[in-house]
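Work through the exercises below with the structure open. Each task is followed by a solution in steps.

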Amino acid sequence: MNIPLFSHIFPKIGIDFGSSRIRVCTHTDGVVVDTPACLAVHQKSKEVLAIGKEAVDLQGRVEGVVDVLWPIQHGVVYDPNLALALLKIVLQPVLRSNFFSTPTFMVSVPAAATQVDRDTITKLFYDLGARDVFTIAQPLAASIGAGVPIADASGSFILQLGSDVVEAGVTALGSLVHFEHSEKGGRYLTEQIMLLLQQEVGIEVSSEQAERILQQVATVRKDSKRQLLITGKDTKQGNPMELQITSSAVYGTILTHLEEYQKLLQRLLAKIRPELTIDVIDKGLLLSGGLSQLHGLDRYLLQTLGMPVAVVEDPDKSVINGIHTALEHLDEYTESLGYVA
């Protein structure tokens, strides 16, 4: 990792520590780290053998020797010791270049995170020598990352589609006014595709193959002719197997899944005041996060909700981009939110 030196005596570091990826930004250099949020650990010695992409590449290939572990699950810290070990390695170049200064951290958390969850995540960064630690709700960070001004008084409507956590939120004046939460994100949908292929088609595929299907074949458009050649294992004989998967094979699973998101959004709309409803209908719905790029999702929600729907620019990085903007305007952000560190 080649990370430039900070120019400020008190560096500001932003962290989007998700279930599937960890992204790091600095207030001067933007995003400097973007890697899978996992570690490969030797089962006997407990030594960390690899992190990020190198750890993912070991998954399922050295069973009985190496465990590939993800310290954040469903948006919260599942294993603080693992999380701290991963953070130390990922942040080492940043912290080393600022050895004589104490950084301020801003960390994304789910809107539904409890105070205990927030205390757990902030403690990790104080253990790393933080000067201050701020948390920011993921839908709010995504909204800021999409270009919504921090102190905008009018309401904005966003659906943040993460790997484990999906949250719909209405933001105004730099805060999250209302939200709805689901733990059926992209990873859950990938698992449902794997289960469908195993039970209905008779092929067992890896999570990587299922992710390819989700990215390249899955669609909400019934007339789509998308297809992909996948490799797996025959569920009956255990032999290697190749199969052409079409979008129609997974259409029912995708549609059932998205109906839950539609209901999530409708529950949120039912909670907000009429004044905010006007803002929301006027501006429309913003989609962010990796799953927002699901083929036909924006069109499906436009038709079911009856309002404009748009995928934000660079949706994978909307949360970390929002954190970067908030760090650049930290005083404005903390004042608008009435934040007490």
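The model is predicted.

**Exercise 1. Cysteines**

Task: Classify C38 and C25 as buried or exposed, and state how many disulfides the structure holds.

Solution. Step 1: the relative accessibility of C38 is 0%, so C38 counts as buried. Buried means under 20% relative accessible area. Step 2: C25 also has 0% relative accessibility and therefore counts as buried. Step 3: the number of disulfides in the structure is 0.

**Exercise 2. Nonpolar cores**

Task: Find which residues have the most contacts inside the largest nonpolar core, and which helix gives the most to this core.

Solution. Step 1: the largest nonpolar core comprises 41 residues, and L159, I213, I254, L285, L294 and L301 have the most contacts inside it. Step 2: helix 7, residues 247–271, gives the most to this core, contributing 7 residues. Step 3: a second core of 30 residues is separate, with F17, L39, A83 and F125 among its members. Step 4: take L301 and set aside neighbours within four places in sequence; its contacts are then L159, L265, L285, L287, G306 and V309.

**Exercise 3. A helix pair**

Task: Describe how helix 7 and helix 9 pack, and at what angle.

Solution. Step 1: the axes of helix 7 and helix 9 (residues 297–305) lie 11 Å apart, at an angle of about 50°. Step 2: helix 7 is therefore oblique to helix 9. Step 3: their crossing is right-handed. Step 4: helix 7 makes the contact through L255, L258, E259, Q262, L265 and Q266, and helix 9 through L297, Y300, L301, T304 and L305.

Methods
Residues numbered from 1 in each chain as written. Predicted model: local features only at pLDDT ≥ 70, side-chain atom pairs only at ≥ 80, totals over all residues. Heavy atoms only, no water. Disulfide = S-S within 2.5 Å. Buried < 20%, exposed > 50% of the residue type's maximum accessible area, 1.4 Å probe, protein only. Core = buried A, V, L, I, M, F, W, Y, C linked by side-chain atoms within 4.5 Å. Helix = DSSP H or I, 4+ residues; strand = E, 2+ residues; numbered from the N terminus. Contact = heavy atoms within 4.5 Å. Axes fitted to C-alpha atoms, helices over the stretch in contact; angles between N-to-C directions. Parallel < 35°, antiparallel > 145°, perpendicular 65-115°, else oblique. Left-handed = near helix turned anticlockwise from the far one by under 90°.
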